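Student: I want to learn how to read a ligand site and the sheets of a fold. Where do we start?

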Amino acid sequence: MCHTLSVNVPVDHLDHRIRGGWTSSGAADAELPAHASRWLSARTGLTPRRTPVAPDSGLAVAESELPAQVRAVLGSIVGPEHVLVERADRLGRAGGLSYLDLLRRRGSGELPVPDAVVLPADPAQVQRVVEVCAEHGVGIVPFGGGTSVVGGVAALRGDKSSVVVLDLCRLDELVSVDPVSRLAVFQAGVVAPEAERLLAAHGLTLGHFPQSYERATLGGFAATRSSGQASAGYGRFEDMVEGVRLATPRGEWSVGVAPASAAGPDLRQLAVGSEGAFGVITEVTVRVRPAPVWQRYEGFVVDGFAGGAEVVRALAQASALGTVTRLSDPQETEVGLTLAGSWKMAALRGYLKARGIAEPCLLVIGWEGQTKHEMLLRRRSSLRFLGKAVRLGTAAGEVWRHGRFSGPRQRDALMDVGMCVETLETATYWSRLGELRTAVRDALVASLTTGERRPIVACHISHSYETGASLYFTTLVPRDLEDPVGQWRDAKAAASEAIVGLGTITHHHATGVDHAAYLPGEIGPLGVDVLRAVRRELDPDGVLNPGKLV
Ligand SMILES: Cc1cc2nc3c(=O)[nH]c(=O)nc-3n(C[C@H](O)[C@H](O)[C@H](O)COP(=O)(O)OP(=O)(O)OC[C@H]3O[C@@H](n4cnc5c(N)ncnc54)[C@H](O)[C@@H]3O)c2cc1C
């Protein structure tokens with residue numbers, strides 16, 4: 001049966017501000033269960049402690065340097081009440097939600113704070129704001145849900161003396177729906193659950209469900225080439241984008257007039273993934289699909305990551321993937337089942353051993369259909385490739401489905417007891433996948449292991465293609481209380497070096513600040529020049545998202 005996705009949608013424009021964690025209060029809304037805390041202590045050497053979020057009042061915030069004259073002009077465009085210079089409003093859009101961002105909000109490391117937050121109401125106001133900022137040399141950071149984990153919304157000034165965050169939260173409308181062509185036009189600031197709610201009224205879905213679903217926006221998805229948990233069924237976000245409306249310092253630019261075109265290179269793909277550096281996306285035209293009526297999620301266990309990856313490759317190459325197809329490695333299987341607390345790991349291990357499984361790897365597959373028959377046909381086509389996998393049934397699939405957006409809350413709780421917890425991701429071809437996983441794992445383990453601290457590095461495949469797949473790593477280790485920023489910086493650098501030459505520096509988190517140094521290695525110096533030329537053409541004064549992409 002179909003289950004609708006119900007999550008809290010941030011409705012108050014001001015209160016989608018970011019604090020020290022995923023929830024809008026900044027505090028973990030769930031405590032780590034005692035059994036999880038005990039297990040982490042034994043596994044990693046953690047001495048649990050309370051390290052709660054620093055109150056905003058403890059953070060250093062310089063006075064706004066936005067010239068009064070510019071503030072007045074911006075106020076005349078969007079209304080003076082929509083140019084925010086209060087400390088709390090500026091802090092609430094200072095950076096995103098990476099582990100380092102959250103550490104900065106807990107008092108470790110410097111947090112760049114914008115000089116003002118501007119809240120335009122529609123594409124025309126965005127265009128005017130961009131032009132005024134360009135005219136006065138004020139940096140602009142486009143801000144959707146602020147869920148960037150790569151420094152994409154860091155309020156960097158570059159060579160500008162002031163920078164504003166352009167928060168798109170008031171661009172929150174569904175502009176039009178064309179059910180015949182299966183197209184919908186959304187304003188860029190619509191958050192994903194709201195987009196699904198608006199489409200559900202037409203019996204449609206976008207089908208884009210990243211783990212950041214609760215807070216992220218459609219403009220943000222387009223700007224970062226996001227990929228959702230159901231990418232095997234619905235594609236990556238760039239596959240859904242049919243058209244984009246972009247506000248640039250040189251004027252407004254709209255691309256996308258037909259489902260396919262041979263009129264030169266596809267310029268939509270220049271806007272998609274541009275990370276706010278080529279313009280501000282004000283509207284996105286997306287492909288939509290009929291909402292599924294039937295869904296079924298099941299869990300399986302396969303033996304070892306290499307064997308599991310072979311199963312997923314076979315599924316991908318035979319077009320037999322489920323809408324969701326997700327393979328955890330042995331470490332992620334252990335962490336997931338232990339933290340979820342719903343499985344007795346030891347008992348399960350015994351049961352699986354009796355069935356010849358030495359290294360359990362959880363494989364979750366979800367199928368959808370308009371009819372039960374259609375869904376079951378898809379399921380049958382996948383099952384042909386599952387070989388000796390042990391079936392855990394729908395209960396295990398449902399555990400994953402219920403917890404699919406709980407990761408960020410778990411991270412808050414883990415940070416509160418003194419853990420370093422962060423994710424990173426990459427992708428490569430099937431023939432190199434095992435080598436890449438080993439290289440990244442080894443680099444993280446070597447960087448983070450000390451006498452008393454033992455990291456857990458867990459990995460999964462959640463996006464698969466005919467030619468390869470992504471790898472998503474979660475790292476857990478007791479936080480170095482002396483130098484928490486340096487601890488993760490070094491580990492991330494080691495992992496990134498391991499990735500270079502074997503895969504891409506990012507499969508869906510984007511470039512931002514954190515990956516910018518690795519981009520030239522991936523696209524070559526000529527590629528960097530091409531991006532710089534596009535940026536110069538659209539933004540001659542370099543005001544758009546200083547310090548990001550290139
Ligand atoms: C816990 C967690 C889980 C995540 N899981 C996933 C996942 O499963 N899949 C995935 O793909 N990503 C994931 N992310 C990363 C992040 O959610 C995505 O990058 C998302 O696409 C960002 O959307 P946003 O609206 O929050 O954009 P922001 O974070 O506000 O912005 C991201 C970048 O896009 C630019 N930008 C935003 N809006 C616009 C616009 N309208 N015009 C121009 N530029 C703009 C910003 O300047 C910035 O460079 C996760 C992040 C977190 C914190």
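This is a predicted model: local features need pLDDT of at least 70, side-chain atom pairs count only at pLDDT 80 or more; totals for chains, interfaces and linings use all residues.

Student: Which residue has a polar backbone atom 2.8 Å from a nitrogen atom of the ligand?

Tutor: That is I281.

Student: How much of the ligand's accessible area does the protein cover?

Tutor: Compare the ligand on its own with the ligand in place. On its own, the ligand has 950 Å² of accessible area, and the protein covers 97% of that.

Student: Now the sheets. What is the strand order in the sheet of 4 strands?

Tutor: Follow the pairing from strand to strand. The order is β1-β2-β4-β3, the sheet is open, and the pairing is mixed.

Student: Why is one side of β1 and of β3 left without a neighbour in the sheet?

Tutor: β1 (83–84) and β3 stand at the edges with a single partner strand each, so one side of each has no neighbour in the sheet. β1 pairs with β2 (residues 116–118) in the antiparallel sense, over 2 bridges. Within that pair, V83 has V118 as its bridge partner in β2.

Student: Which helix packs on this sheet?

Tutor: Check which strands a helix touches, then compare directions. Helix α5 (residues 123–136) touches β2, β3 and β4 (163–167), and its direction makes about 170° with that of β4.

Student: What is the strand order in the sheet of 5 strands?

Tutor: Read β5-β6-β10-β8-β9, an open sheet with antiparallel pairing. The edge strands, β5 (174–178) and β9, each pair on one side only. With direction ignored, neighbouring strands are turned by 10° against each other on average.

Student: Where does α5 lie relative to β6, β8, β9 and β10?

Tutor: α5 lies across them, running at about 45° to β8. Keep its contacts with β2, β3 and β4 in mind too.

Student: How many residues join β8 to β9 in their hairpin?

Tutor: Find the paired strands, then count what lies between. The hairpin from β8 to β9 passes through 2 residues. β8 (residues 241–248) and β9 (residues 251–255) run antiparallel, joined by 5 bridges. L246 has W253 as its bridge partner in β9, while R245 stands opposite S254.

Student: How many residues lie between β5 and β6 in their hairpin?

Tutor: There are 4 residues between them, and R182 in the turn has a positive phi of about 60°. The two strands pair antiparallel over 4 bridges. In β6, F186 is the bridge partner of L174.

Note on methods
Residues are numbered from 1 along each chain as its sequence is written. Side-chain values use heavy atoms; hydrogens and water are left out. A polar contact is a pair of N or O atoms within 3.5 Å; within protein, one must be able to donate a hydrogen and the other to accept it, and residues adjacent in sequence count only if both atoms are side-chain atoms. Accessible areas come from the Shrake-Rupley method with a 1.4 Å probe; for residues, only the protein chains shown count as cover. Two strands pair if DSSP finds at least two bridges between them. Contact means heavy atoms within 4.5 Å. Axes are lines fitted to C-alpha atoms, for helices over the stretch in contact, and angles run from 0 to 180 degrees between N-to-C directions.
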